[in-house]
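Here is a walk through one protein structure, taken one part at a time. Please keep the sequence and the 3D view open while reading.

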There are 2 protein chains.
Amino acid sequence: TLTWTELDQRAVDTVRVLAADAVEKVGNGHPGTAMSLAPAAYVLFQKLLRHDPSDPEWTGRDRFVLSPGHTSLTLYIQLFLSGYGLELDDLKALRTWGSLTPGHPEYRHTKGVEITTGPLGQGLATAVGFAYGQRRQRGMFDPEAAAGTSPFDHTIWVIASDGDLQEGVTSEASSLAGHQELGNLVVIYDENHISIEDDTDVAFTEDVLKRYEAYGWHTQRVDWTKTGKYVEDVAELYSALVAAKAETSKPSIVSLRTIIGYPAPKKQNTGKIHGSALGKDEVAALKEVLGFDPEKHFEVDPEVLEHARGVVQRGAQAHAAWQEGFDAWQASHAEEAAVLERIQARTLPAGWDASLPSFEAGKDLSTRAASGKVLTAIGPVLPELWGGSADLAESNNTTIEGAASFIPESRQTASWKGNPYGRVLHFGIREHAAAAIVNGIVMHSSTRAFSGTFLIFSDYQKPAVRLGALMGVPAIYVWSHDSIGLGEDGPTHQPVEQLASLRTIPGLDVVRPGDANEVAVAWRTILENTQNPAGIVLTRQNIPVYERGDGPATGTTFGSAEGVARGGYVLAEASTDTPDVILIGTGSEVQLAVEARETLEAQGISARVVSMPCLEWFNAQDAAYRNSVLPRTVRARVSVEAGVSQSWQGIVGDAGRSVSLEHFGASADYKTLYREFGITADAVVQAAKDSI
Amino acid sequence: TLTWTELDQRAVDTVRVLAADAVEKVGNGHPGTAMSLAPAAYVLFQKLLRHDPSDPEWTGRDRFVLSPGHTSLTLYIQLFLSGYGLELDDLKALRTWGSLTPGHPEYRHTKGVEITTGPLGQGLATAVGFAYGQRRQRGMFDPEAAAGTSPFDHTIWVIASDGDLQEGVTSEASSLAGHQELGNLVVIYDENHISIEDDTDVAFTEDVLKRYEAYGWHTQRVDWTKTGKYVEDVAELYSALVAAKAETSKPSIVSLRTIIGYPAPKKQNTGKIHGSALGKDEVAALKEVLGFDPEKHFEVDPEVLEHARGVVQRGAQAHAAWQEGFDAWQASHAEEAAVLERIQARTLPAGWDASLPSFEAGKDLSTRAASGKVLTAIGPVLPELWGGSADLAESNNTTIEGAASFIPESRQTASWKGNPYGRVLHFGIREHAAAAIVNGIVMHSSTRAFSGTFLIFSDYQKPAVRLGALMGVPAIYVWSHDSIGLGEDGPTHQPVEQLASLRTIPGLDVVRPGDANEVAVAWRTILENTQNPAGIVLTRQNIPVYERGDGPATGTTFGSAEGVARGGYVLAEASTDTPDVILIGTGSEVQLAVEARETLEAQGISARVVSMPCLEWFNAQDAAYRNSVLPRTVRARVSVEAGVSQSWQGIVGDAGRSVSLEHFGASADYKTLYREFGITADAVVQAAKDSI
């Protein structure tokens with residue numbers, strides 16, 4: 001049962017006053033939920049969460065995800081009270097340049113912040129990925145331990161808002177969480193019934209808990225308004241959360257009915273208090289209600305702070321107790337422990353890349369097929385590599401062959417055998433959740449997870465992909481069927497603008513290899529990078545595998561695929577020292593550049609072919625290298641890519657040309673489409689002549 | 001009760017054989033669902049749908065939406081049987097260049113196709129918009145009629161698949177459909193339990209109907225496997241659909257348990273039959289099972305066809321009966337009838353634009369505020385204009401002031417009064433559904449609907465926005481908070497790559513006006529365009545309203561905002577005939593160009609300022625106009641926009657410079673952000689000098 005003293009209550013009230021003061025000081029922000037969620041957040045951080053403020057990276061810690069990131073103060077003030085290093089001055093600097101307390105919590109920016117949140121829905125969906133990560137981690141390192149006894153056992157706690165529960169990505173991820181029986185996931189749904197347009201009845205009248213029951217979740221309701229008065233029955237909430245944590249056969253959601261902005265006398269329970277400062281008078285009135293001095297700001301009773309900071313010592317004790325178990329595990333699991341250490345350091349095993357396949361020239365192969373072979377080949381040496389598809393496993397070639405699926409045993413099917421610790425993921429037709437979950441897996445467990453879908457459906461994933469890029473999470477998105485080359489499915493399925501669009505995202509590497517051997521180097525380079533996400537973009541159709549030399553291209557020999565690691569490289573050299581024209585291609589269109597080069601050379605025009613699988617990697621090279629591939633002096637340049645040319649305009653320049661597709665596709669076999677839309681070697685030849 | 005003859009059964013079996021033959025002929029496609037859905041589709045088109053194949057645009061028709069577009073044959077074969085003009089040769093041309101039977105159904109391409117579908121979830125979500133459109137249309141034109149008696153009463157029928165039901169956008173839209181009590185919407189959920197990864201148990205085990213109950217839907221289950229054998233009890237399905245249609249107080253979903261690919265002897269009930277040709281032997285076996293000649297292809301018994309084509313006459317009769325009611329309505333509602341005629345012709349009332357406000361120079365105003373004033377000013381003269389926000393009404397300024405909300409009366413709140421025929425939309429925090437629903441409204445009713453959210457959340461809407469562009473639907477997306485100018489909410493909320501990204505979508509107009517008067521012309525131009533969607537991109541922060549002349553810019557007078565209609569125009573002219581440099585800005589950054597021009601001119605450098613609110617409109621102008629704004633001879637050019645520069649590289653060219661933001665934003669007041677990130681007039685001045 002819960003121990004709850006007057007000091008605890010005073011601490012909760014202090015949270016409310018600090019929230020109001022902090023927003024008042026900067027003049028904008030979101031005070032309402034920070035005030036009404038104060039008891040819930042405090043009881044979590046003080047009484048339920050297993051955490052150690054002195055070591056925010058502790059492997060054994062519970063995770064806390066604040067899905068409604070706008071109420072960042074809910075988190076910041078608990079981090080302050082718990083002793084994570086945030087101090088009053090940081091709260092005073094809320095939402096100002098360079099502070100540790102930005103408008104929304106930012107991953108890797110503030111100690112104790114596990115994830116960047118703000119775009120609604122992403123927090124809860126990514127937390128489902130955390131829960132996947134925890135289960136996989138346990139399965140990799142300590143599968144035999146009895147439930148609750150492993151150093152890898154812990155809970156993912158989430159606060160979600162009315163807004164989070166409306167977003168589709170949450171629905172997708174929550175359905176998967178139920179399907180996966182994620183007993184390590186506990187969500188507090190802050191049902192305050194107010195969003196920016198005020199009373200949520202105007203747009204949100206579904207029965208949320210019934211929906212979660214339908215997903216297979218354990219549901220509980222804690223209604224602090226049930227007596228007709230508003231009574232913050234913390235003990236009732238605590239009991240519900242204890243029961244939720246104890247339910248390990250399914251995820252849990254506790255609907256907590258709160259009154260936003262309580263107990264601000266005038267503005268509680270209004271849309272206004274959601275996202276605006278209370279105003280001087282209302283802040284003063286709030287303080288009076290709570291017995292604080294209305295003349296004082298950021299007032300924290302030292303006794304309250306000392307009491308709250310008891311977390312530091314309790315956390316250290318919990319950590320020490322856990323450490324004993326961990327040390328014992330380590331002693332008895334030397335091999336697993338070495339792998340864990342390596343993975344947490346985000347390094348790869350020495351010599352791992354010897355397992356990468358190389359592909360014989362001469363036989364055409366789609367890059368998606370090559371990618372599948374790479375995954376299956378490196379799977380055994382990289383246990384941290386796992387993933388799967390949003391219901392397109394065979395199309396995306398995302399299955400590590402021979403590996404078990406990650407599913408409850410009761411959910412195995414004739415086609416897919418697995419267990420809760422398996423390695424092949426099945427997202428169903430939920431692309432958005434797939435990307436968010438993969439982000440969460442990678443953040444939680446430092447494993448390298450990937451999700452697959454068609455490139456066109458990267459559109460569905462964009463908000464999660466952007467968040468991965470913003471956080472610098474090395475998640476991997478596999479995107480196959482990367483152009484009109486997918487053929488008959490037509491314009492709804494043919495990406496046209498997606499490559500250019502994805503390239504606009506800061507921090508995302510968009511990698512479109514030009515043949516099977518480029519695929520292998522692309523995967524190697526992506527896996528060697530631990531700083532940001534990458535998308536690997538693959539053809540459906542077969543394309544040539546080039547005969548290559550071992551080094552740079554010469555007049556007679558194609559360059560090694562090693563050049564992929566630098567983003568762009570000379571694949572086929574011109575016959576003269578200075579080419580008359582440079583042909584730049586990606587993916588399946590590299591072959592058009594290669595063919596055009598032959599025609600041009602036969603006509604006495606010297607042409608270099610540059611394969612440019614990743615503009616981001618190329619732009620990260622030094623100027624000398626870039627100039628060696630694309631000499632400034634050669635202004636005749638042609639890009640060829642079966643999509644809109646926007647991202648090539650800066651590369652080809654004023655004299656250059658782009659062979660591109662500036663409109664939607666059509667339904668026909670792909671050869672017809674390339675011909676009819678003028679994405680051909682002849683078009684490249686013509687463009688080269690125009691450019692010269 | 002259902003009349004079901006042997007000919008009906010024979011027709012259904014013919015559908016299956018045609019589906020198998022059509023896929024077999026082209027060698028690829030999706031036969032399985034077209035086979036097993038044959039009875040459901042046939043009973044819809046023959047027995048339930050009110051339609052007239054001779055007039056696919058009939059105002060009084062029911063609508064049919066095939067959400068799983070991959071089973072396009074389900075629709076094409078019914079269009080063939082019903083007599084819409086599709087013939088056997090069209091079925092034989094499935095998925096080939098130029099045919100009327102592309103891989104996925106395409107709006108405005110094939111008669112009888114109401115919507116382009118394929119990206120899962122969009123069909124059902126857009127159908128919810130159709131249902132909104134129907135209710136609003138009735139409210140505009142015939143609100144007093146008793147239920148079921150108005151010529152505007154009809155039903156929206158949807159077939160949805162396991163895949164559709166997993167997508168988040170469907171969840172969002174279905175929650176709204178329940179909330180809105182859309183009694184005119186009937187969904188058949190084809191629960192065949194197979195998707196590409198085979199048995200859906202691997203990823204989809206939630207209780208779908210319970211979820212729909214939670215949304216407030218009427219649910220029914222028709223299980224053709226319930227006897228242990230597979231029995232296609234068409235009468236049971238028919239009764240369920242009749243009951244669903246009769247339930248007019250809420251939307252209905254009928255879960256229909258089918259076996260995909262039935263009755264193909266070997267491949268039914270497998271993932272393989274979903275998306276691959278059956279193979280010659282299995283097609284032959286199928287024909288034998290159904291009593292068809294395995295040697296014949298595309299065999300249609302003339303008697304069957306004649307029977308099925310009875311729809312033409314029945315449709316004409318239904319149309320004639322409806323016409324009587326419509327004529328009577330027209331006679332008694334002359335004014336409404338004129339409005340209907342005008343709206344269906346997609347024209348605007350003469351002189352409507354006199355209602356557009358003009359804004360006085362000198363007082364700063366955010367473009368979102370200006371947009372709100374425009375909407376409120378033109379609302380009274382454009383009854384077809386309606387819309388609202390995804391829970392950001394006050395932030396997006398999307399409320400036509402004084403208008404009622406579009407909600408059931410029981411869902412009114414203290415802040416929002418309304419009725420089922422209201423005009424202000426509340427999407428809740430469901431950006432994706434908002435865009436899909438607006439698409440559906442515009443497609444259904446020819447009204448002009450808009451949805452609002454922050455520009456950053458256009459990411460959530462991308463798949464629907466793309467589909468709007470692909471279909472050429474003149475939906476309007478209002479996107480406010482369009483840059484780091486939103487300030488303290490920080491990088492999760494600050495669009496950086498969104499403008500460049502949205503500009504990659506073929507057929508989408510991205511319009512970012514540079515002051516309040518540009519906003520008015522932007523709205524006018526958007527509304528005058530009926531061919532494709534537009535996004536209007538608006539600032540949160542106040543920006544200057546320029547003092548302008550009535551015509552083109554001169555050395556001393558700024559150009560009229562009329563130039564907006566051409567996408568880009570000279571806002572401020574240089575002091576020399578040929579400018580030394582051209583400064584090109586959009587939105588809030590136009591003021592930086594204006595300020596930089598003054599500095600440059602003071603330093604003896606002549607500088608022209610071009611305001612370029614819409615690249616798509618500008619690129620549609622003739623070369624002479626474009627050259628008059630951006631003379632080829634002036635290669636010194638600077639673009640200034642607080643986002644990634646990708647879309648400006650082709651405009652500024654080799655000699656040009658872009659003042660841009662190539663990384664994510666931060667949390668601080670916006671003035672600090674502009675300064676710290678170097679988006680300043682000084683930076684424009686420096687870039688101009690570099691460019692010259």
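The structure is a predicted model. We begin with a strand in chain B. Strand S8 of chain B covers residues 385-389 and pairs in the parallel sense with strand S11 (residues 424-426) of chain B, over three bridges. At B:Ser389, the residue standing opposite in S11(B) is B:His426. S8(B) also has strand S12 (residues 448-454) of chain B as a parallel partner, joined to it by five bridges. Here B:Ser389 stands opposite B:Gly452.

Is S8(B) mostly covered or mostly uncovered? Five of its five residues are buried, and the strand is mostly covered. The residues point two ways from the strand: B:Leu385, B:Gly387 and B:Ser389 go one way, while B:Trp386 and B:Gly388 go the other. Residues on both sides of S8(B) are buried.

Next comes a sheet in chain A. Strands of a sheet pair through backbone hydrogen bonds, either parallel or antiparallel. In chain A, five strands form an open sheet with parallel pairing, in the order S1-S2-S3-S7-S6. Strand S1 (63-66) and strand S6 (218-223) of chain A each have a single partner strand, so one side of each is left without a neighbour in the sheet. From one strand to the next, the twist averages 15°.

One of the residues involved is A:Thr219, whose bridge partner in S7(A) is A:Ile253. Helix H10 (residues 234-246) of chain A packs on the sheet, where it touches strand S2 (156-161), S3, S6 and S7 of chain A. The direction of H10(A) makes about 175° with that of S6(A). Helix H9 (residues 208-215) of chain A lies across strand S3 (185-191), S6 and S7 of chain A, and runs at about 165° to S6(A).

Now to a pair of helices in chain B. Two packed helices are described by the angle between their axes and the distance between the axes. For helix H3 (residues 38-48) and helix H10 (residues 234-246) of chain B, the axes come within 10 Å and cross at roughly 55°. H3(B) and H10(B) are therefore oblique to each other, and their crossing is right-handed. Which residues meet there? From H3(B) come B:Pro39, B:Ala40, B:Val43, B:Lys47 and B:Leu48, and from H10(B) come B:Val234, B:Leu237, B:Tyr238, B:Leu241 and B:Val242. By class, this contact has nine nonpolar residues, one charged residue and no polar ones.

Two places in chain A remain. Helix H15 (residues 334-344) of chain A has A:Ala337, A:Leu340, A:Arg342 and A:Ile343 as its buried residues. Their cover includes helix H6 (122-141), helix H14 (310-332) and helix H18 (431-445) of chain A. After H15(A) comes A:Arg346, which has a positive phi, near 55°.

The other place is A:Ile273, in helix H11 (residues 272-275) of chain A. Why does A:Ile273 count as buried? The relative accessible area of A:Ile273 is 1%, and buried means under 20%, so A:Ile273 is buried. Beyond its neighbours within four places in sequence, its contacts include A:Pro31, A:Met35, A:Ile260 and A:Leu278. A:Pro474 is 201 residues from A:Ile273 in sequence and 37 Å from it in space, C-alpha to C-alpha.

Terms used: Residues numbered from 1 in each chain as written. Chains lettered and ligands numbered in written order. Predicted model: local features only at pLDDT ≥ 70, side-chain atom pairs only at ≥ 80, totals over all residues. Heavy atoms only, no water. Buried < 20%, exposed > 50% of the residue type's maximum accessible area, 1.4 Å probe, protein only. Helix = DSSP H or I, 4+ residues; strand = E, 2+ residues; numbered from the N terminus. Pairing = 2+ DSSP bridges. Contact = heavy atoms within 4.5 Å. Axes fitted to C-alpha atoms, helices over the stretch in contact; angles between N-to-C directions. Parallel < 35°, antiparallel > 145°, perpendicular 65-115°, else oblique. Left-handed = near helix turned anticlockwise from the far one by under 90°. Nonpolar A, V, L, I, M, F, W, Y, C, P; charged D, E, K, R; others polar.
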